[in-house]
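This briefing is meant to be read with the sequence and the coordinates open side by side.

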Amino acid sequence: MENRLRVGITHGDINGVAYELIIKMMAENRICEVCTPIFYGSPKVAAYYRKNLNVENFNLNNIQSATEANQKRCNVINCVDDNVKVEVGKETQESNEVAMSVLKRALDDLERKELDVVVAAPQSMRSFQLDGGNGCFDFFYKRYDTNSGIPLLVGEKMKMGFVTTHIPFKEIAENLTEEKIFNKLKTLDFCLRRDFTIRKPRIAILGLNPGSSERCEFDNEEKNAVLPAINKAREQGIMALGPYAADRLFSGTEFEKFDAILALYYDQGMIPFKTIEGVEGAVLIAGVPVVFTLPLNGPAYAIAGQGIANEQGLRKALYLAIDVYNTRMQNISLVDNSLPHYDVAGNANESDLNVEQITGIKEETV
C-alpha cells in the first residue's frame, strides 16, 4: 500500500465552527486517498455535531496513538475529557483551554515524527494568550525559539507574508527595524525556494506611509528601515523590490508580477488578500522546523451549529500542508544527493555546481 502522509488535524474550538468544518471535510471519501487523516479531538463532541449536521457518511476509527492509524480510515485520538461542556456559539475558558491542550498534543506527536504535518481547525486568538503569548504566530515563534518566523498566506493569485502581526497599530512603526525586515525577507525567500521550488523569488515590499514610492519621497520608516533592509537583502542575492504603495500595487494586477508580497503590518496585507482570494486561502507558518498550516477562518461563533460554515479553507490548508511537505522533502533529497562537479582536470569541485544552482535552494537553514 502507498505510504500516505500522516496528517494531524486539531479540533480547534469546540463551540465554534471547527467540528463542522472537520466533519464536512472528512466525510469526503477522497481524503483517505491523499493522506492518512488523524483527528485530535473528542469522538463524543464529533458525534454531537454529526447528529446536528445530519451527516451520514462520517465514521471515525478510534486509536490511542498516531502510529496505530489506519490508512483507509479517518482516525481519531481522544484527547478531551468526555465531561467537556459544549456551548455552541460561545467562547469559554474551557473551550480555549481544550483547544490549546489538543494543539500541543498534536505538535508533540509531530515533533516525535509520529505525524508528518499538522493542520489546525479554527480556535480563538485568546486561547493562545493562555500561554502568555500574543496570538497564534507568537505562540509558534516562542515554541520554536525563532525571531524570523513569518505567517505566509497562500492563495491562487498571491502569497502574502508579514513583518508584524498582532500588535497595536501605535506600536507598528517602532517594531519596524532594518534587522527585523531583513530577517523576514530572508525567511520568506528561503521558504519560497525550498517549499515552493521558486528558483529566484521576486518579493515586493510594501511601504508604511501614504504615497510610499511616489517620486521616491519616503518618510523616516522607509528611509531608516525598509530601504536599508531591501538593499541588504539584494546584496545577498534576494530579489527584494520596493517599497510599494499598497493602493497602487493592489489597484490592478501589478501584484501578480511578484512571487510573494511582504506587508509591514497585519491589516495592510490581510485586507487585500481576503478581498482578492476570499477566505479560501490558507496560512503556512514559515521559519519553523515543522509543517503547520491553518485556514483563514476564525471560530465564527455567530454561525456555529447552523450547518452553513464553508470548509474550503480547511481543505486548502490540508492540501497546502501536503504539498509543502512533499516539495520540501524532494528538495532536501536533491541537496543530500547532489553530484559533485568535475573540472577539466577531473577534480571534484562541489562548490562550482552547488545545490543552489541546481534547485535555487540555499543549503543553510534560516
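The points below are grouped by topic and describe a predicted model.

**The chain as a whole**

- The secondary structure of the protein chain comes to 12 helices and 12 strands, and of its 366 residues 53% count as buried.
- Among the contacts in the protein chain with a separation of 6 or more, 74% are accounted for by residues 24 or more positions apart.
- About 16,900 Å² of accessible surface is computed for the protein chain, and 45% of that surface belongs to carbon and sulfur atoms.

**Helices α1 and α3**

- Helix α1, residues 18–26, packs against helix α3, residues 43–53, at an angle of about 75°, with the two axes 10 Å apart.
- Because angles from 65 to 115 degrees count as roughly perpendicular, α1 is described as roughly perpendicular to α3.
- On the α1 side the contact involves Tyr19, Glu20 and Ile23, which meet Val45, Ala46, Tyr49, Arg50 and Leu53 of α3.
- The residues of this contact of α1 with α3 divide into six nonpolar and two charged, with no polar ones.

**Lysine 316**

- Lysine 316 lies in helix α11, which covers residues 312–336, and lysine 316 counts as partly exposed because its relative accessibility is 22%, where buried would require a value under 20%.
- Leaving aside residues up to four places away in sequence, lysine 316 touches Val154, Gly155 and Glu156, together with Glu280, Gly281 and Ala282.

How values were computed. Residues numbered from 1 in each chain as written. Predicted model: local features only at pLDDT ≥ 70, side-chain atom pairs only at ≥ 80, totals over all residues. Heavy atoms only, no water. Helix = DSSP H or I, 4+ residues; strand = E, 2+ residues; numbered from the N terminus. Buried < 20%, exposed > 50% of the residue type's maximum accessible area, 1.4 Å probe, protein only. Contact = heavy atoms within 4.5 Å. Axes fitted to C-alpha atoms, helices over the stretch in contact; angles between N-to-C directions. Parallel < 35°, antiparallel > 145°, perpendicular 65-115°, else oblique. Nonpolar A, V, L, I, M, F, W, Y, C, P; charged D, E, K, R; others polar. Areas by Shrake-Rupley, 256 points an atom, 1.4 Å probe, with all protein chains shown as cover.
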